[in-house]
Amino acid sequence: MASVASAAATKQRRRPIEQKGSTIDQTILSPGTVSINVQGAFIVDEDPSRPPTPTEDGVQHDTDIRLPNHKAVVSHVALDIGGSLAKLVYFSQEPDSKDLGGRLNFLKFETGNIDQCLGFVKRLQDEYHTQNGSKSGNMSIMATGGGAYKFYDEMKKVLGVEVLREDEMDCLIMGLDFFITEIPREVFTYCDADPMRFEEARADIYPYLLVNIGSGVSMIKVSDRRKFERIGGTSLGGGTLWGLLSLLTGARTFDDMLKMAEVGDNGTVDMLVGDIYGTDYGKIGLKSTTIASSFGKVFKMKRQGENQAEDHGGLSQETLEDGNNISNSQAAFKPEDISRSLLYAVSNNIGQIAYLQSEKHNLGHIYFGGSFIRGHRQTIQTLSYAINFWSKGEKKAYFLRHEGYLGSVGAFLKRQPRNWGRRNSFEEYPVVRPTIQHRED
């Protein structure tokens, strides 16, 4: 990373935050001394006319949230460090004029590149001192997630300040509540006819179920802002998909795997209802394209390939020991098809468990968050279909445009004073310890 300016411009088709001679330009002062004004907040959509900006390896800058009426400075940044990704949130003012307000910036780094993430934060610190002088004090670092503990000593060493650690479940709920109640066009539902139908920001949100999908999955029942608990989850999450696909395909990053899944055909790998019945099974509501068995065709096709090889002289002992398959049938298992099959398997499993938990606890609203989703259409479609199918249309799956930043936004909000927000939605927000303080992310 050559500079904060170049790193902050990693998002494609995004207006740069900083101009020549200006970095984060008076964006940081003492925390808790100023209320963040979210009146008129909106999500900054990409400008299709602007040429794409090269993305720095390992860093992704997601869509900003503009705060046009917030004119003051903010003195802290927030990190949510999970098992796979580290998510950073910080505030910056608009470069043209202080009167234009500012924006919340959203960046994520692979946790394996935590040095890169901390290097970015260190440059934010350095520019803070350059802009505000030695009397301004230190920039505050808020941190949550398992990495807030795992990398605590390293953060203190690199950044040279005390790192304020916050409970991850508290931050998840606080971040989600903020998005639901304060940010227009953030929450949406999915259907084939209307892939992104936005929900109005509202104050009456409880109770609900949060399904947070990171490396693993946590399911949290939120009764009100003073009461929530982790009621279940599964170890089969984003880390499962990432790990297996790294073994089975040539993809190097999670985004590469999702791109392959977009063009794959799971029907070459999965056994479908149509493969068994030759048509739909309408009596119980199953289409011919419904997956009867994930990877169900693999063994049969592999067996056929081995038989064909035997008919043509057999497999050599060396080939058997290497585990290689020389048949044409085996070559039919394309990385794209495998990616789509496994994506469906993991997503369908999460969707069904989420439905069962919502039934058990009588929860009508199901919010899906976490970096596993990443706005990916097949993932959203599969989770939405699962909730709709099993509930017979009585429940809805809700998604967020910043689904991976619930924890980091919650940690960011921990430094806010009372009466924060349009509807004072975080006035006297209590710190509530959940029954089980564990999140697989």
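Biologist: What should I know about the model before I start?
Modeller: It is a predicted model, in which local features need pLDDT of at least 70 and side-chain atom pairs count only at pLDDT 80 or more, while totals for chains, interfaces and linings use all residues. Residues are numbered from 1 along each chain as its sequence is written, and side-chain values use heavy atoms, with hydrogens and water left out.

Biologist: How many helices and strands does the protein have?
Modeller: The protein has 14 helices and 16 strands. Helices (H or I, at least four residues) and strands (E, at least two) are DSSP runs, numbered from the N terminus.

Biologist: What percentage of the residues count as buried?
Modeller: Of the 441 residues, 50% count as buried. Buried means under 20% relative accessible area, exposed over 50%, and partly exposed in between, with a 1.4 Å probe and protein chains only.

Biologist: Let us turn to the cores. How many residues are in the largest nonpolar core?
Modeller: That core has 39 residues, and Ile-65, Phe-179 and Tyr-208 have the most contacts inside it. A nonpolar core is a set of buried Ala, Val, Leu, Ile, Met, Phe, Trp, Tyr and Cys residues joined through side-chain atoms within 4.5 Å.

Biologist: Which elements give two or more residues to this core?
Modeller: Among them are strand 2 (59–67), strand 4 (85–93), helix 5 (168–182) and helix 14 (406–413). Helix 5 gives the most, with 9 residues.

Biologist: What does Ile-65 touch?
Modeller: Not counting residues up to four places away in sequence, Ile-65 touches several residues, including Phe-42, Leu-104, Phe-106, Phe-179 and His-402. Contact means heavy atoms within 4.5 Å. A second, separate core of 37 residues includes Val-217, Met-219, Phe-333 and Ile-366.

Biologist: Now the helices. At what angle do helix 6 and helix 12 pack?
Modeller: Helix 6 (residues 238–248) and helix 12 (residues 335–360) pack at about 160 degrees, with their axes 10 Å apart. Axes are lines fitted to C-alpha atoms, for helices over the stretch in contact, and angles run from 0 to 180 degrees between N-to-C directions. The two helices are therefore roughly antiparallel; angles over 145 degrees count as such.

Biologist: Which residues make that contact?
Modeller: Helix 6 contributes Leu-241, Leu-244, Leu-245 and Leu-248, and helix 12 contributes Ile-338, Ser-339, Leu-342, Leu-343 and Val-346. By class, there are 8 nonpolar, 1 polar and no charged residues. Ala, Val, Leu, Ile, Met, Phe, Trp, Tyr, Cys and Pro count as nonpolar, Asp, Glu, Lys and Arg as charged, and the others, Gly among them, as polar.

Biologist: And how do helix 12 and helix 13 pack?
Modeller: Helix 12 and helix 13 (residues 377–390) pack at an angle of about 40 degrees, with their axes 8 Å apart. The residues of their contact divide into 9 nonpolar, 8 polar and 1 charged.

Methods: Parallel < 35°, antiparallel > 145°, perpendicular 65-115°, else oblique.
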